[in-house]
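Student: Could you take me through one part of this model closely, setting out what its strands and their pairing look like?

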Amino acid sequence: MKRSLIPAGILLLVICFFICPAQAFTAKSLDIAVQQNDDAVITFTYQLSWLENFAVFMHIADPGQELQTALENNYKKPVDVLVANPGESQVVVHGFASVQDHDGTVTMKTPALSFADAQKVLNQYWFAPLVNPDFSPEITRVTFPDGYSEEFSNQISIPSISHTLNS
């Protein structure tokens, strides 16, 4: 009589699941390109653990959707997802920057950003107790239409930035 390999395979998977260290979500870069019309194209690159990749593959967690929902809830602005895959999300946030025009001098102001609440979103998933995420991007870059940019390293939050555009 042949023994089934399925229970042994499941047992091996369960053992690996509890023995393997859970490397977690790691934010790599956050690029915010503010457009002339006050929209922003935001590109977020990250690395997922094997467990998180599995969750994404099984459609338990969609990073693009999570980013879209978080941005829409946080800023009350419409968001379009351009790219969403297990290593990168790119969205357009409409009306991201506020714009003031005083006698032809245009000043744009971006809102402050924080990933501090991302843990709350993560806690909604079954795998949350198994991961130790790093939500602070290694590099965050905010670029304005005239090419001026500001960079931040390993910051979970970035302040609002005000910039007067060069003509």
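Tutor: What follows is a look at the open sheet and then at a hairpin. This is a predicted model, in which local features need pLDDT of at least 70 and side-chain atom pairs count only at pLDDT 80 or more, while totals for chains, interfaces and linings use all residues. Residues are numbered from 1 along each chain as its sequence is written, and side-chain values use heavy atoms, with hydrogens and water left out.

The open sheet is built from three strands in the order E5-E6-E11, with antiparallel pairing; strands here are DSSP runs of at least two residues, numbered from the N terminus, and two of them pair if DSSP finds at least two bridges between them. Strand E5 (98-102) and strand E11 (161-164) stand at the edges, and because each has a single partner strand, one side of each is left without a neighbour in the sheet. On average, neighbouring strands of this sheet are turned by 15 degrees against each other, direction ignored, where the axes are lines fitted to C-alpha atoms and angles run from 0 to 180 degrees between N-to-C directions. Five antiparallel bridges join E5 to strand E6 (residues 105-110), and His102 stands opposite Thr105 in E6.

Arg141 has Glu151 in E9 as its bridge partner. Five residues lie between the two strands of this hairpin, where Gly147 takes a positive phi near 95 degrees.

Methods:
Helices (H or I, at least four residues) and strands (E, at least two) are DSSP runs, numbered from the N terminus.
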